[in-house]
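Here is a short briefing on one structure. It takes the metal site and then the sheet.

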Amino acid sequence: MAFELPPLPYPKTALEPYIDALTMEIHHGKHHAAYVANLNKAIAGYPELEAKPIEAILSDLSSVPEKIRTAVRNNGGGHYAHTLFWNIMGPNAGGSPTGELADEIKATFGSFDAFKEKFEAEGLARFGSGWVWLFVNKAGKLEIASTPNHDAPIMGMGIAGCEGKPIMVCDVWEHAYYLKYQNRRGDFLKAWWNVVNWAAVTRYYQDAKKSVVVG
Ligand code: MN
């Protein structure tokens with residue numbers, strides 16, 4: 001099989017009380033697992049896709065055969081987004097970023113608080129299921145945008161309505177918060193800052209900056 005469900009990088013209880021263990025168990029072990037299984041089902045018989053990293057497949061969806069393209073977009077997008085989501089959270093996290101990322105957030109959004117406000121507002125404004133992203137755009141600048149379903153900025157403007165290299169993401173599908181927060185997505189988004197691992201976001205930021213060609 002081409003893709004595997006990555007283990008959670010911490011125990012399912014690690015993000016309590018902000019994200020409860022049962023939500024983590026179902027979200028990772030059932031939802032994410034199903035996206036990986038359905039992605040593998042879609043690309044079975046396409047060895048050139050099975051050999052590619054997920055980022056490479058999603059950033060070139062037009063080269064995916066049309067009859068499996070929607071399945072790859074939805075399930076591959078789900079695999080990619082959830083993997084990033086788990087990786088940028090952690091226990092004993094929260095607080096605020098430091099160094100170049102902190103400076104860039106301040107330069108782009110005015111202040112860390114203004115950045116958080118904009119990120120939460122984008123997450124709240126997303127109707128139905130989707131994601132809110134922080135990414136490095138093609139100009140090398142930080143940008144916040146939300147996408148529907150499992151679309152991601154690496155899929156490009158024509159598909160996702162935004163384009164760039166994601167460095168942080170929050171899942172705003174109801175399955176991400178409903179057991180604990182029910183309809184209160186805004187409360188989930190506010191609590192979520194307590195589990196953001198800024199050291200991890202900073203590593204994604206440094207990688208994204210390296211791969212963006214400005215100009
Ligand atoms: Mn999810």
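Is His 82 buried or exposed? His 82 is buried, because its relative accessible area is 0% and the cut-off for buried is under 20%. The model is predicted. His 82 is one of the residues that coordinate the manganese ion.

**Metal site**

- Four side chains hold the manganese ion: His 27 through NE2, His 82 through NE2, Asp 171 through OD and His 175 through NE2.
- These contacts run from 1.9 to 2.1 Å.
- Along the chain, the donors of the manganese ion are spaced as H-x54-H-x88-D-x3-H.
- His 27 sits in helix α1 (residues 21-43) and His 82 in helix α4 (residues 66-87), so this pair ties together parts 55 residues apart in sequence.
- His 27 is buried too, with a relative accessible area of 1%.

**Sheet**

- Three strands form an open sheet in the order β2-β1-β3, and their pairing is antiparallel.
- The edges are β2 (142-148) and β3 (164-171). Each has a single partner strand, so one side of each has no neighbour in the sheet.
- From one strand to the next, the twist averages 30°.
- Strand β1 (residues 130-137) pairs with β3 over 7 bridges, in the antiparallel sense.
- Trp 133 stands opposite Val 169 of β3.
- Strands of a sheet pair through backbone hydrogen bonds.

**Helix on the sheet**

- Helix α10 (residues 198-211) lies across β1, β2 and β3.
- Helix α10 runs at about 155° to β3.

Definitions and conventions. Residues are numbered from 1 along each chain as its sequence is written. This is a predicted model: local features need pLDDT of at least 70, side-chain atom pairs count only at pLDDT 80 or more; totals for chains, interfaces and linings use all residues. Side-chain values use heavy atoms; hydrogens and water are left out. Donors are N, O and S atoms within 2.8 Å of the metal (3.2 Å for Na, K and Ca); water is not among the atoms, so sites may look incomplete. Helices (H or I, at least four residues) and strands (E, at least two) are DSSP runs, numbered from the N terminus. Buried means under 20% relative accessible area, exposed over 50%, partly exposed in between (1.4 Å probe, protein chains only). Two strands pair if DSSP finds at least two bridges between them. Axes are lines fitted to C-alpha atoms, for helices over the stretch in contact, and angles run from 0 to 180 degrees between N-to-C directions. Contact means heavy atoms within 4.5 Å.
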